[in-house]
Amino acid sequence: MRGRWIAIALSLGLAATLATRMPGREIVRQGAARMAEGDVPGARARWCDAATSPLVSAAIDYNLGVAWYREGDAPRALAAWRAARARSPRDPDVAHNLALARARLEGVPAPVGPAVGWLALVTPGEVGGLGAVLLGVASALVGRWRAGRVRARAWALVGGLGLALGLVGIHAAWVQVRHPVAVVVDREAVLRAEPAAGAAATGTLPAGSEVRTDGARGEWLLLRSGDGARGWAHRDGVRLAGEVSDRSECVIGGPSDGG
Amino acid sequence: MVRQLWMLLAVLWWASPALAARVDLSVATRELVEGQVVALTLDVIDGKPDGVPQISAPPGLEVHYQSQSQQTTSVNFKVSRMVRFQYQLKAVAEGEYTLGPVPVQVAGQPLASRVVRLTVGPRPETPDRPYVADLAFLPEEAWVGQVVVLRYRLRARVEVLESQWTLPELDGLVAPREGDRPRSRYALEDELGPMAVDESFIPLVASQRGDLGLDGAMVRISLADRAKGRGRDPFDPFRMMTPSRTESLVTDSAPLAVRALPPAPAGFTGLVGDFEFAAQADKTQVSVGDSVNWVVTVQGDGTLEGFELPPLEAVDGARVYQSSPRTGAQVRDGRYQAAGELTQVIVPTAEGTLAFPPLELITFSPTQGRYLTHRVEVPPIEVQAGAEGEAAVESFGAAPGQAAGPEVRDIAGEKLVGPAFAVALDPYLGWLVALAAAPGLGLLGLTGWERLRERRRALEVAPGPSQRIARLPEDPLERAALLEGALREALAVRGGGSAASLDRRAAAAGLDEPLRGQVESALRALDRVRYGGAELGADEVEQARQAVRGLEGR
């Protein structure tokens with residue numbers, strides 16, 4: 001019994017140490033220091049670097065959006081904040097900044113919502129994480145069941161619920177990856193009937209349009225706007241939320257649309 | 001009379017599209033080089049043209065029609081229709097050209113576009129290699145505070161699917177807040193054939209003097225490799241991606257020498273660049289209490305960030321308020337172009353003529369290498385009697401010396417702590433769920449295996465009677481007991497009863513001959529051995545074994 005408590009305490013200590021030493025936190029601090037000195041591009045470059053790390057968090061996307069906004073690039077700020085919102089949907093600061101950036105843009109269609117309706121409230125990670133916790137509890141219950149201390153229905157119930165939540169979370173994350181939000185940046189995007197430069201134009205989306213990506217073919221993305229316009233646009237003028245597709249954006253004064 | 005009115009209305013209705021229609025001619029860039037091919041667009045807005053408009057190009061330019069598209073947009077219930085004609089414009093020879101006006105017939109009515117002036121420069125030195133990347137500052141010599149444009153360019157005679165640049169750290173250079181970072185793609189044609197050019201521009205402000213040149217940038221390019229075999233790619237199950245190979249290139253260095261500004265005179269605005277100023281008042285005859293918007297427009301190739309007009313010198317009979325400046329910038333044809341509109345609101349407080357002394361704005365001109373003074377005049381304003389305080393000043397900031405309040409809450413600032421730092425689990429969900437479920441599944445699997453093993457053990461068949469008597473002990477009595485036990489067990493299994501309860505007759509009752517005789521004979525022989533003192537010979541043993549095998553059906 002005593003050994004178990006020691007193991008739990010050690011695990012919590014390890015988790016806390018990892019959390020405080022998370023690389024993103026240090027990079028955010030470095031970027032914030034540059035921001036405080038008035039070096040907005042420098043701050044953006046630091047956060048942009050962090051956004052390419054596998055341990056990305058909503059804070060990095062959020063701060064990246066703040067930097068883009070302060071640099072006057074509302075569409076890129078929107079793309080970063082949409083990514084932050086996907087990772088932290090209940091954050092009031094993200095909602096406020098999104099509203100502010102949208103207010104600066106004229107003539108853009110209504111922004112598309114999340115890929116799955118309930119993602120406006122919780123993230124796939126939260127749902128799937130809860131599922132994983134329940135599965136962990138179910139695993140412990142299986143051990144107790146083997147020892148004859150609980151009935152089989154206990155682990156079956158908890159495990160079933162955990163598995164269901166885990167699968168729902170994985171599915172939502174998959175849908176989010178398959179149909180990411182994209183934002184038109186730099187200039188208006190021409191929608192075409194086919195993924196080819198010579199195809200007939202079916203419409204345009206002004207810079208700052210928040211759209212859903214329905215497919216991809218080579219360098220072309222199939223976009224659907226909030227008001228139903230649909231067509232292929234070259235991905236040069238479109239930034240997927242949470243994507244730093246071009247590392248050159250991570251340098252001071254980096255290009256807006258890759259090189 | 002009524003009939004004529006109806007006819008007039010009909011004519012107006014018929015002609016209305018033509019009356020409202022507009023024609024717009026635009027070209028991707030107005031500064032071309034010999035051999036360059038760019039897109040030329042003719043938009044007919046709110047009108048349906050009669051056929052494809054023909055654009056006649058002057059000698060030295062070639063225009064080829066490419067495609068046509070149509071789109072309808074609705075903004076605030078106002079439906080707007082646009083027909084777009086795409087052309088390809090090729091610069092054949094150096095020179096200055098004027099393209100247009102392009103005549104367009106819309107519903108029988110002749111319309112024309114505005115003209116577009118183009119400059120075609122000499123053919124650049126084009127590489128004979130399949131692809132080449134370069135990096136350059138435009139210009140390569142600058143002054144502190146001047147905006148330079150960093151151009152990075154990839155020219156290729158082969159199909160490049162994607163390029164990713166990694167630029168070095170830009171020490172001493174700061175990106176202005178205003179100014180886009182455009183990317184342009186076009187084709188050049190020379191004797192070696194077509195060459196695709198992909199160039200991007202970054203405006204930067206030189207913030208310190210010295211050698212700020214860059215050593216070189218790296219670009220990774222993905223080249224189409226159609227000769228490559230198309231194996232099954234797990235990431236491209238539908239085979240939508242072009243086979244490719246990746247190459248890395250490093251550009252030559254990009255020199256940039258930055259000089260310090262000479263000592264600045266008093267009143268220097270901080271603007272570095274070649275600027276032009278103009279001013280205009282929206283009215284020059286007002287009543288007391290009215291407001292006059294005096295608007296100064298400025299445009300040039302330097303950054304206008306943070307620039308504000310110095311307040312007009314105070315004069316009796318007026319108050320002056322400063323409005324927030326509106327500025328913007330863009331990079332076009334590799335040059336930074338900034339423009340701003342700065343407004344001061346003059347509210348007369350007394351009758352008479354208001355005469356403000358001109359504003360003197362001192363800027364530094366990089367092309368002339370010296371400070372220039374621009375004089376911006378305020379026209380005399382005639383003020384008539386009126387009611388002070390009736391002014392309808394719609395938009396102005398604080399009077400000079402006062403801080404302007406924000407119109408809306410600013411964006412929420414950066415985050416340094418909080419739950420937003422939680423690492424997003426989405427990409428790892430599959431692993432996480434699998435990891436959490438693994439111990440339980442492992443234990444369940446172990447339980448299942450154990451149960452299966454137990455069941456198998458239970459199902460494992462004990463050695464049958466004939467197997468048990470395959471090898472017999474030495475002691476005759478033990479032998480006889482073993483043979484009898486095996487025989488009775490075989491009988492019990494055959495008959496479905498208890499071995500101990502079987503007597504000889506009952507045991508053999510249900511058997512057919514000759515098995516019945518064999519069994520009875522074997523049992524008798526064994527009884528004789530066990531209870532009568534007879535010898536157990538090989539015949540008796542074999543007889544018993546045959547009886548057992550017979551009972552087992554072998």
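**Notebook: salt bridges, a helix, a patch and a sheet**

I looked up B:Asp43 and B:Arg84 and found their side chains joined in a salt bridge, N to O 2.7 Å; the term stands for a side-chain nitrogen of Lys or Arg within 4 Å of a carboxyl oxygen of Asp or Glu. The pair links distant parts of the chain, with B:Asp43 in strand E3 (residues 36-45) of chain B and B:Arg84 in strand E5 (residues 78-91) of chain B, 41 residues apart. Helices (H or I, at least four residues) and strands (E, at least two) are DSSP runs, numbered from the N terminus. Both B:Asp43 and B:Arg84 are buried. Buried is under 20% relative accessible area, exposed is over 50%, and partly exposed lies in between (1.4 Å probe, protein chains only).

Notes on the model. It is predicted, so I kept in mind that local features need pLDDT of at least 70 and side-chain atom pairs pLDDT 80 or more, while totals for chains, interfaces and linings use all residues. Residues are numbered from 1 along each chain as its sequence is written, chains are lettered from A and ligands numbered from 1 in the order written, and side-chain values use heavy atoms, without hydrogens and water.

Strand E5, again. I found B:Gln86 in strand E5 of chain B. B:Gln86 is buried, at 18% relative accessible area. Its side chain makes a polar contact of 3.4 Å with that of B:Thr41. For this term, a pair of N or O atoms lies within 3.5 Å; within protein, one must be able to donate a hydrogen and the other to accept it, and residues adjacent in sequence count only if both atoms are side-chain atoms.

B:Glu360 is in strand E29 (residues 359-365) of chain B and B:Arg375 in strand E30 (residues 370-376) of chain B, 15 residues apart. B:Glu360 is partly exposed at 44%, and B:Arg375 is exposed at 51%. I also noted B:Glu542 with B:Arg549, whose closest N and O atoms are 3.2 Å apart. Here B:Glu542 is partly exposed at 34%, as is B:Arg549 at 33%. B:Asp134, B:Arg151, B:Arg153 and B:Arg155 are linked in a network of salt bridges.

Helix H3 of chain A. How many residues of H3(A) are buried? I counted 11 of the 12, so the helix is largely enclosed by the rest of the structure. Among them are A:Arg44, A:Arg46 and A:Trp47. A:Asp39 caps the N-terminal end, with a side-chain oxygen 2.9 Å from the backbone nitrogen of A:Gly42.

Sheet in chain B. I traced an open sheet of 3 strands in the order E11-E20-E17, with mixed pairing. Its edge strands, E11 (141-143) and E17 (210-211), each pair on one side only. Strands pair if DSSP finds at least two bridges between them. E11(B) and E20 (residues 257-259) of chain B pair in the parallel sense over 3 bridges. B:Trp143 stands opposite B:Arg259 in E20(B).
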